[in-house]
Amino acid sequence: MNKDVIEVQVRAVLPLEGSFAVFLGNETKVFVIYIDESVGTAISMFMRGVSKERPLTHDLVGHLLLAFGARVERVVINNINGSVFHARLIISAENELQTTRKVIELDARPSDSIAMAVQQSAPIFVAKSVWDTVEDVSGTLAQIEKKGLEVQQAAEAAEEDDEDDDDIEEFSDEDINTIAGLEPEKGDDEYDDGFGGDEDDEEGEEWKKADG
């Protein structure tokens, strides 16, 4: 693999008000991408192995790839323009109709690319130029994880003591936003579906929060 890219994992997917925060990184650095709610939900479901009654959009795309002997080989988040991230989806195909393996590289939203990578257990890479640009939020993620652990422990303790659930501190959107100022900038969300769109790179830290 090219040394100009760094492999990362999805460290956490957290719901915010009207959007999701996807934390990507490794043992040295973590950064966050804000994505729309529908894709964030899909990523979270793939990570938790939640079964669905009917296939959703990313399930359908995965099934189509499989039908043609193709799969997601890797994802590369290759550029950042202001607060907008760009990605490339690399697909490989090999079946009885082809004499050689075919590799296709597609322009795609990072959110859709991450969803497909998680669904098919494909690796995710970040271009070094992007890696060097993004802010390290490792401390923020650590605080959020600590908060979540405290809430879980409180819930377990309350269940053992047969206490009322209303006394348990909940892990709310405001908690996530408050910790280290984790708040996406306001912007225009031009997407209303779960995959692609005419403007398929307009995402990043400028997903707007829903008005109260």
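**Close-up 1. Right-handed crossing of helices H2 and H3 in a predicted model.** The crossing of H2 and H3 is right-handed, a term used where the near helix is turned clockwise from the far one by less than a right angle. This is a predicted model, in which local features need pLDDT of at least 70, side-chain atom pairs count only at pLDDT 80 or more, and totals for chains, interfaces and linings use all residues. Residues are numbered from 1 along each chain as its sequence is written, and side-chain values use heavy atoms, with hydrogens and water left out. H2 (residues 57–67) packs against H3 (residues 110–119) at an angle of about 60°, the axes lying 10 Å apart; the two helices are therefore oblique to each other, the class left after angles under 35 degrees (roughly parallel), over 145 (roughly antiparallel) and 65 to 115 (roughly perpendicular).

**Close-up 2. Residues in the contact of H2 with H3.** From H2, His58, Asp59, Val61, Gly62 and Leu65 meet Asp112, Ala115, Met116 and Gln119 of H3, contact meaning heavy atoms within 4.5 Å. By class, the residues of this contact are four nonpolar, three polar and two charged, with Gly counted as polar.

**Close-up 3. Strand S5 and its antiparallel partners S4 and S6.** Strand S5 (residues 84–93) is mostly covered, nine of its ten residues being buried (under 20% relative accessible area, 1.4 Å probe, protein chains only). Ten bridges join S5 to strand S4 (residues 70–81), where Ile77 stands opposite Ala87, and seven bridges join S5 to strand S6 (residues 102–108), where Ile104 is the bridge partner of Ile91. Two residues lie between the strands in the hairpin of S4 and S5, and Gly82 takes a positive phi near 70° there.

Definitions and conventions. Axes fitted to C-alpha atoms, helices over the stretch in contact; angles between N-to-C directions. Helix = DSSP H or I, 4+ residues; strand = E, 2+ residues; numbered from the N terminus. Buried < 20%, exposed > 50% of the residue type's maximum accessible area, 1.4 Å probe, protein only. Pairing = 2+ DSSP bridges.
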